[in-house]
Amino acid sequence: MPAIMVLLTISYTVWGQAGKNQVTYTIDGGTFHHQQITINADPKVMENGAFINTVGNYLEINLSDKAMNIKNGTKWGLNIVFNKASTGTAKVNDPIPKGVLDHQVYFNLEVQVNGETKFLGIDLQKPAKTPGTITITRFGSVGGPVEGNFQGTVTDAACIKYTITGGHFVATVKDRIRL
């Protein structure tokens, strides 16, 4: 029995390390029809990872396909702002009471449609049209993982709605930001 426990522990540890700085989700809307998206973010890129705003005590997660030393920008990306620096669940548009730059919970996506980058996010004029949920299930210290799930509705600049389901992310906590 102890050998099985050791094997399970090693398997879990290897999976957790392999999954750092990655996001997956399914998208429906526009030209996307139940398409699974996976982004493997390069941990060497400064912007990729989880950052804690120590003044407002909230979390920001950035994961994109941007590579080191590449002049071209991101083609696929995720940006999450969560209203506390710990585990828990928040609804998109929940307030961030001490937010410095960000004042509400949200997630934004960068996607590629016919070779062009589209930005998908919440409807600032009518936030009830873009509901969603973000859950942080694991929260580590600097160098450790932040892991969680997200789902909801986002829109593009032309007000086309996209439904995001099964969103899951793992990001390395990079640093604490003081603004």
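Modeller: The model is predicted, so local features need pLDDT of at least 70 and side-chain atom pairs count only at pLDDT 80 or more, whereas totals for chains, interfaces and linings use all residues. Residues are numbered from 1 along each chain as its sequence is written, and side-chain values use heavy atoms, leaving out hydrogens and water.

Arg-138, at 25% relative accessible area, is partly exposed. The two side chains form a salt bridge, with N and O 2.7 Å apart; the term denotes a side-chain nitrogen of Lys or Arg within 4 Å of a carboxyl oxygen of Asp or Glu. The structure holds two such bridges.

Strands (E, at least two residues), like helices (H or I, at least four), are DSSP runs numbered from the N terminus. E9 and E10 run antiparallel and are joined by seven bridges, and two strands count as paired if DSSP finds at least two bridges between them. Five residues separate the strands in this hairpin, where Gly-143 adopts a positive phi near 95 degrees.

Strand E9 (residues 132-139) also pairs with strand E6 (residues 88-91), in the antiparallel sense, over four bridges. There, Ile-134 of E9 stands opposite Ala-90.

Notes:
Buried < 20%, exposed > 50% of the residue type's maximum accessible area, 1.4 Å probe, protein only.
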